[in-house]
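Have the structure open as you read.

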Amino acid sequence: MNRSATVLLTLVAFAALLLAVAAWAGKRTHNAADFALANRRLGVWLVALSCTANTVNGWLLMTLAGAAFAWGLSAVWISGAFIAGSALNLFFIAPRLRAISVGQGTATLFQVLSADAGDRLQPLVSRSALLIFVSCVLLQTSAMLRFAGGLLVDEFGFNLISIALTSMFLITVCAFAGGLRAAAVGDAVQVIAVGVFAGLLLLGSSVAIEGWDQFKIAFTALGPLATDEFGGRKGVVALAFAAGVFGIGLGVLGQPQLATRFMAARDEKTLFRASWLALALISLVVGVVLCCGWAASVLYAGLNRPELALFTIADRLLPPLLAAFIAASLIAAIFANVGTQLLALATTLGIDSRRVNSPLSIGWSRAAMVLSAVLIVLATLWAPASVFEHAMFGYSAIGASFGPLLLVRVCGKRVRPGAMLAAIWSGFILSLLFHLLPDAPGDFLERVMPFVASLGIALTGGERRRNPDRADRSQETVHDRVPI
């Protein structure tokens with residue numbers, strides 16, 4: 001058996017697993033609430049593993065390994081960014097967001113954010129958020145599929161069009177049948193696969209380097225830039241770099257697919273336990289992957305594509321068939337995360353694009369899923385090869401657009417509809433503007449400034465109580481109609 005056959009068999013096994021998950025979850029999905037939120041019955045392990053997968057997905061972890069390879073010790077700031085961002089998300093936002101969602105009966109993040117915008121302006125707020133989210137998700141998913149498909153084309157001789165069509169068909173079947181339950185199981189498989197194989201690669205690297213003492217000697221030999229925690233930067237530039245890298249953690253806030261997991265937890269106790277477990281898993285997985293990147297920088301200093309550090313370790317240290325199996329499994333993990341993004345896109349399209357008071361419809365959500373799958377395939381096939389370089393923009397832009405407003409909302413502060421729109425669009429437009437400009441140290445401008453600007457608008461856009469009997473009721477909110 002050659003490497004290509006091993007990869008093909010691994011992907012076939014992954015496809016069979018997707019179909020089995022679809023059959024299992026499909027039997028438990030009977031209505032729109034089951035499809036969108038698993039009827040708010042996800043248990044501790046599924047919530048924890050799913051939150052982990054949507055905080056640090058397979059594609060993002062491979063990017064982190066590349067950052068550790070290219071940056072050296074200064075990449076350690078990334079672990080702090082994800083741990084701090086995840087802790088804020090899991091222990092401050094999650095329980096409050098779930099309570100708001102249960103109290104309002106909302107099923108998506110955008111329903112929560114726009115709930116106080118009034119009957120006339122709520123559709124504008126939710127559809128503005130939807131437009132931004134669709135754009136960013138199409139960018140991210142096309143980058144993921146181009147990255148995974150490119151590996152299969154370059155290394156194993158597959159066809160990109162066949163890969164895109166086949167993978168999206170299987171992913172869509174799984175999510176179409178099982179909704180959030182199927183996506184959560186796929187997330188769990190993704191985290192377990194990436195964690196186990198990253199640990200195996202780190203173990204193999206340790207053996208090849210011949211222990212911790214040899215690693216320190218070899219790592220020191222890479223030069224002062226690799227061994228400095230600021231990458232050789234000094235003063236204000238070093239502080240900007242650290243703040244910019246920490247800004248990656250701000251992107252965790254406001255991710256709709258993560259918010260859905262919080263809303264779908266069975267109860268507050270389940271969410272609390274899952275949060276601690278998820279934080280531990282995120283810390284562990286990020287630490288192992290960063291160590292793999294540093295090990296690769298010692299073993300293979302001349303690597304041209306740092307984002308392939310994990311694949312390079314597998315290819316050069318392990319037997320060919322085992323290396324091909326691990327490579328195919330990591331690629332399958334990327335495909336699994338595309339399924340999560342697809343479900344988030346379909347749910348928001350199926351719910352937030354409709355009228356405010358429209359009841360949830362599983363048929364409408366599934367129709368939106370088919371449309372979303374078509375859009376992802378077209379974006380993948382039409383996207384340039386350089387789309388991978390811009391994928392982090394989509395992640396940061398989502399966080400800057402929705403994270404600040406979400407923080408203000410879960411604190412109990414009401415925001416005027418105009419301020420909602422300004423906060424959402426300022427986060428996105430500033431992220432786009434700074435992304436197009438030359439990079440600042442640690443991409444400080446792109447990752448921090450849009451979030452701060454959006455947060456400032458949301459905080460200063462508090463709503464004063466109006467007289468519900470006034471003539472102009474265009475800005476009337478649900479609170480104005482509640483007798484006091």
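On a 1 Å grid over the protein atoms alone, a cavity is a set of points where a 1.4 Å probe fits but cannot get out, a pocket is an open set with protein on both sides within 12 Å along at least five of seven lines, and lining residues have an atom within 4 Å of a point. Grid points are joined across faces, edges and corners, and a volume is the space filled by probe spheres set on the points. This is a predicted model, in which local features need pLDDT of at least 70 and side-chain atom pairs count only at pLDDT 80 or more, while totals for chains, interfaces and linings use all residues. Residues are numbered from 1 along each chain as its sequence is written, and side-chain values use heavy atoms, leaving out hydrogens and water.

**Cavities**
- The count comes to 6 cavities of 30 Å³ or more.
- The largest cavity has a volume of about 110 Å³; among its 13 lining residues, Leu18, Cys174, Ala183, Ala336 and Gly339 are the closest to its centre.
- Helices H1 (3-26), H8 (160-209) and H15 (320-352) each give at least two residues to that lining (helices are DSSP runs of H or I, at least four residues, numbered from the N terminus).
- H8 makes the largest contribution to the lining of the largest cavity, with 7 residues.
- The second largest cavity holds about 90 Å³, and Pro256, Thr260, Leu343, Ala344 and Thr347 lie nearest its centre.
- Helix H12 (256-264) and H15 each supply at least two residues of the lining of the second largest cavity.

**The largest pocket**
- The largest pocket contains about 730 Å³ of space; of its 28 lining residues, Thr63, Trp71, Glu389, Met392 and Arg447 are the closest to its centre.
- Helix H4 (58-71) provides the largest share of this lining, 8 residues.
- The lining divides into 16 nonpolar, 6 polar and 6 charged residues (Ala, Val, Leu, Ile, Met, Phe, Trp, Tyr, Cys and Pro count as nonpolar, Asp, Glu, Lys and Arg as charged, and the others, Gly among them, as polar).

**Helices H5 and H13**
- H5 (residues 76-104) and H13 (residues 268-299) pack at about 165 degrees with axes 10 Å apart (axes are lines fitted to C-alpha atoms over the stretch in contact, and angles run from 0 to 180 degrees between N-to-C directions).
- The two helices H5 and H13 are therefore roughly antiparallel, a term for angles over 145 degrees.
- Residues that meet (heavy atoms within 4.5 Å) include Phe82, Leu90 and Arg98 in H5 and Glu268, Trp276 and Leu290 in H13.

Definitions and conventions: Parallel < 35°, antiparallel > 145°, perpendicular 65-115°, else oblique.
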